[in-house]
2 protein chains.
Amino acid sequence: MNDELLQVLRRPPQERADAARNRTRLLEAAARLFAEGGVEALTVDAAARAAGVGKGTVFRRFGDKSGLVAALLDQRERELQEAIIFGEPPLGPGAPARERALAFFDAYLGYLADHLDLVRLSETAAPGARFRIGAYAFWHRHLAILCAHRPDPDHLAHLLLGTVAADLNAELLRQGLGWDRIRAGVASTVDALVGPSSPEAP
Amino acid sequence: MNDELLQVLRRPPQERADAARNRTRLLEAAARLFAEGGVEALTVDAAARAAGVGKGTVFRRFGDKSGLVAALLDQRERELQEAIIFGEPPLGPGAPARERALAFFDAYLGYLADHLDLVRLSETAAPGARFRIGAYAFWHRHLAILCAHRPDPDHLAHLLLGTVAADLNAELLRQGLGWDRIRAGVASTVDALVGPSSPEAP
DNA sequence: AGCCTAACCGGACTTGAGTCCGCTTGTCTA
DNA sequence: TAGACAAGCGGACTCAAGTCCGGTTAGGCT
């Protein structure tokens, strides 16, 4: 499937040339700021200044700080999403629900470990921000489908995603748990909750 | 057991008279502001002004906004904590771990439903605030003890508490789930995770 | 090519959390 | 009762997110 096509599907209303240029500049500037000074250096003012645009532009383009950071993570998220839709089992279609769920959480924890600070920033920038990020809805739907055989898939999917909340996992690391222990705990939890799956899944 | 004694145990270094008076004034003012204008009216500046103290005093007394709000909730939390330590089973000691855990989450969801806005405010005032609130450590230890028969009680207790995070449940309500559905989902999740318990618990 | 307008731009402004530090006061001791 | 000093006080200050609005411009249309 064509990258360009996917991109178009994702952003239907075409953007004016200057707007697109500023989006790119902002993302580059934000990435640079983060690379150089970590999460603390990544303020909206600094990103706007470094990109040579006004602050208002950032908010028009990305909604809020959380949206700017989410856009930075977009590429990696998209890779995971595509692996889920089009990839090989067990992450992609074809494996039993339980295996797919386990594969998803394993992959997601890899993503989280690689980008914990940014994910945390985008999830905690404002109350409820986590649930407004586009990707959250995707993960949620995916899991709800995998839990279709359980009583309340919608709710259960939210609870499952709670296990990989960035703020929680940052705290677990701070308390000295390592990623191995986190992985094991999440796996066993997912296993218990998704439970014995029907032989095949969508 | 004597209330005063409990209080002393909880706050060993005695407070200067003016400090105690200002604490009371601040809590009263904050409660009033919240009662009148909801969560939006409850800013640190407003509370300080209404209490007739300086802003610095609020931060010295309560650490941050999250701490001020947590102090407002302290009374209700303490009731629940005492019921867990000294109360009747299944909430108090004597019932099997699974029943105690279920009773805890049922009681906690009642508390959460009554005070959702305040709990959410105190949990989301800053990244990681949730885990710094004194009560969180209490709930966590309680659950970890109840999960002692499972592989990683410490981690599991954190994941269980994730199901009652205020921000998540506020979102669930916003999406149209009711408390009944939330209760049922949490109960079935806790049941699956705490699992068949050893016959008695501490 | 020239016009029209919706979209975009940017930076000053508002708001609220959290810090700082010189001044004040409660409390303990003699 | 008086003196010493740790604890407490408060409000001006800093810092960052998010809003607003008058001016500008890309790009479609004629």
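Four salt bridges are counted between chain B and chain A in this predicted model. One of them joins the side chains of R181(A) and D152(B), with N to O at 2.7 Å. Polar contacts are counted too: six residue pairs link chain B and chain A in this way, both partners at pLDDT 80 or more.

Which elements of chain B supply two or more residues to the side that touches chain A? They are α6 (97-124), α9 (153-162), α10 (166-174) and α11 (179-194) of chain B. Of these, α11(B) gives the most, with seven residues. Sorted by class, this side of chain B has 11 nonpolar, eight polar and six charged residues.

Now for the extent of the interface. The size of an interface is often given as the accessible area lost when the parts come together. Here, chain B and chain A bury about 2,300 Å² between them. Carbon and sulfur atoms account for 64% of that area. On the side of chain B, F131(B), H155(B) and L159(B) lose the most area to chain A. Together these three make up 24% of what that side buries. In terms of contacts, 25 residues of chain B touch 25 residues of chain A.

Chain A is also divided into domains. The domain assignment gives domain 1 (1-63) and domain 2 (76-202). The C-alpha centres of these two domains of chain A lie 26 Å apart.

| Residue and atom | Atom of DNA strand D | Distance |
|---|---|---|
| V44(A), polar backbone atom | phosphate oxygen | 3.0 Å |
| R16(B), polar side-chain atom | base nitrogen | 2.9 Å |
| R61(B), side-chain N or O atom | phosphate oxygen | 2.7 Å |

Both chains supply elements with two or more residues to the surface near DNA strand D. From chain A come α2 (17-41), α3 (44-51) and α4 (55-62). From chain B come α2 (17-41) and α4 (55-62). The most residues come from α4(B), which gives five. By class, the surface near DNA strand D divides into five nonpolar, seven polar and 11 charged residues.

Terms used. Residues are numbered from 1 along each chain as its sequence is written. Chains are lettered from A and ligands numbered from 1 in the order in which they are written. This is a predicted model: local features need pLDDT of at least 70, side-chain atom pairs count only at pLDDT 80 or more; totals for chains, interfaces and linings use all residues. Side-chain values use heavy atoms; hydrogens and water are left out. Contact means heavy atoms within 4.5 Å. Buried area is the accessible area (1.4 Å probe) that two parts lose on being put together, summed over both. A polar contact is a pair of N or O atoms within 3.5 Å; within protein, one must be able to donate a hydrogen and the other to accept it, and residues adjacent in sequence count only if both atoms are side-chain atoms. Helices (H or I, at least four residues) and strands (E, at least two) are DSSP runs, numbered from the N terminus. Ala, Val, Leu, Ile, Met, Phe, Trp, Tyr, Cys and Pro count as nonpolar, Asp, Glu, Lys and Arg as charged, and the others, Gly among them, as polar. Domain bounds come from an automatic or database domain assignment.
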